[in-house]
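Here is a short briefing to read alongside the model. Have the sequence and the 3D view open as you go through the points.

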Amino acid sequence: MPSLRERQTRFASALLAGDDNGDRNERIAIYRNSVRANYRKALGATYRVVSLLVGEPFFHAAADAYVHATASTGGDLNVYGGSFGEFLATYPHAQDLPYLPDVARLEWAIDGAGRAADADSSPEAIVDALAKIPAERITALGFALDPSCRLLRSPYPVLRIWQVHQPDFAGDMVVAFDAPADHLRVCREGGVVVVERVTPGDFALLQSLADGGDLATALDAAVAAEADFDLGSSLRKCIANRTFTELRGE
Amino acid sequence: MRAPHVGTVLAERPPVPWFEVHSENYFADGGPAMAALDRIRADYPISLHGVGLSLGSTDPLDTGHLAKLARLANRVEPARISEHLCWSSVNGRHFNDLLPLPYTPEALDHVCARVSAAQDYLRREILVENVSSYLTFPESTIPECEFVAAVAARTGCRLLVDVNNIYVNARNHGIDADAYLAAIPPAMVAEIHLAGFDASGPCLVDTHGAPVAPEVWSLYERALERYGRVPTLIEWDTDIPDFAVLQREAATAQSYLDACLAVAA
């Protein structure tokens, strides 16, 4: 008689194995199909635009291959699938769609932004705190970013691709692939996830601050990315739209 | 309550006595879905129904998962917290589905220890639910109904009796559904689930994607005769219909509950 652990290990192997014949295997197949359908549905809900771009049969095949290669390790299906973009980058059948991984990364960023912690931020409080800091100490400060803030850079026009596949999009679906690289900030504003194109300088500044850098380091990165970067206007914008939640290193 | 209906519930505040949500759908740190749940909770009691704790697994109990459940319970102060009498993961791999247990003394000891551990962690009683199954194991020696009742008797947890799952298993495995109901002491039953199944394959499959079948309504009526007026939920998780369709199913359940009260009076 198999132990409970042996039984579960065998059952798991049968779920991961291909379809087979025979009555008992037919019953196992009910579970195999159910498991497969759960993952297809969960990934399809997160990666809706990827699914629209490739069509359902392709998406299901890619989802099945991803699940096989990337075990779910937790009981909350809502947080499974974060590496689907990386998987698509190496998925042989998706190699002629080089923008697909970044579309997936954008969808994952949007999904994560929707689930991130709520932050209390007050632009007025940050401005007041800044006013009290001596000018020579300003560059040693940093800013904490809103927990929902995600940054994504892509050589492809992924925001435009994403926008023309939204249910409420009306108009011309043409996507210009000769557009400059996308620098995107994904952030919740007033309870709604907003995807916004930012300048290369703003992007580098935010990336550096998100990595824990101080303002001096972030400014160097911003200027390197954008020669005529204007720190003052960038900071004002990030404070006003609540990308920054508080000063760090006061 | 599933995501497509949240807007309807917030806008119309339908006269529903309580709502149940899948616990894991509200494990997020924050965001609009959590805020919507808070607003619904302000006007309705909420039950948390987990699908991912993997109580029957021989892997270590996932305390990270339990911590998120505890955090959510703290936030919504649920009327009830339930989980499934099944397993979902082994050797570190999750299948995110409700997989069947063999009904052996070893499995019973194991599940009881896990239910007790979960109750200790959450510092409250939980409910465990009987699941549908599509196969049985040769090593099983304990009838499912006795296994389910023993878990409650030994751990002090209570039972979420899924009448549709009893019906599905009765048909799939040749069990007597009424004997199953009779094996469960009424005091253990804290909630009832009803749902629809799919009969197109080699056995009945619990899809939560169809109306409650007439045979299941009839079994529900007999369950109420035995257990009394137990809070009852209609589950509908795939091909989710308009809220009005669910309300009609819930109204049917309510009419059985009212009839049960009339008999008791």
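**Domains, interface and core**

Chain A is assigned domain 1 (1–97) and domain 2 (118–250), with bounds that come from an automatic or database domain assignment. This is a predicted model, in which local features need pLDDT of at least 70 and side-chain atom pairs count only at pLDDT 80 or more, while totals for chains, interfaces and linings use all residues. Residues are numbered from 1 along each chain as its sequence is written, and chains are lettered from A and ligands numbered from 1 in the order in which they are written.

**Chain A overall**

- The C-alpha centres of domain 1 of chain A and domain 2 of chain A are 36 Å apart.
- Chain A contains 11 helices and five strands; these are DSSP runs numbered from the N terminus, with helices being H or I of at least four residues and strands E of at least two.
- Chain A is more spread out than a compact globule, because its radius of gyration is 23 Å, well over the 18 Å that the globule rule gives for 250 residues. The radius is taken over C-alpha atoms, and the rule is 2.2 Å times the number of residues to the power 0.38.
- The C-alpha trace of chain A spans about 80 × 50 × 30 Å along its principal axes.

**Where chains A and B meet**

- The contact (C-beta atoms, placed from the backbone, within 7 Å) takes 35 residues from chain A and 38 residues from chain B.
- On the side of chain B that touches chain A, two or more residues come from each of helix 2 (32–43), strand 4 (87–90), strand 5 (93–99) and helix 4 (105–122) of chain B.
- Strand 5 of chain B gives the most to that side, with six residues.

**The largest nonpolar core**

- This core has 119 residues, and those with the most contacts inside it include A:V103, B:L85 and B:A223. A nonpolar core is a set of buried Ala, Val, Leu, Ile, Met, Phe, Trp, Tyr and Cys residues joined through C-beta atoms within 7 Å; buried means that 20 or more other C-beta atoms, placed from the backbone, lie within 10 Å of a residue's own.
- Helix 6 (residues 100–115) of chain A gives the most to this core, with eight residues.
- Leaving aside neighbours within four places in sequence, B:A223 is in contact with B:V161, B:V163, B:L181 and B:I192.

**A covered strand in chain B**

- Strand 1 (residues 19–22) of chain B has both faces covered, with B:F19 and B:V21 buried on one side and B:E20 and B:H22 buried on the other.
- Strand 1 of chain B pairs in the parallel sense with strand 2 (residues 46–49) of chain B over four bridges; pairing requires at least two DSSP bridges.
- B:H22 has B:H49, in strand 2 of chain B, as its bridge partner.

Conventions
Contact = placed C-beta atoms within 7 Å. Buried ≥ 20, exposed ≤ 12 C-beta atoms within 10 Å, placed from the backbone.
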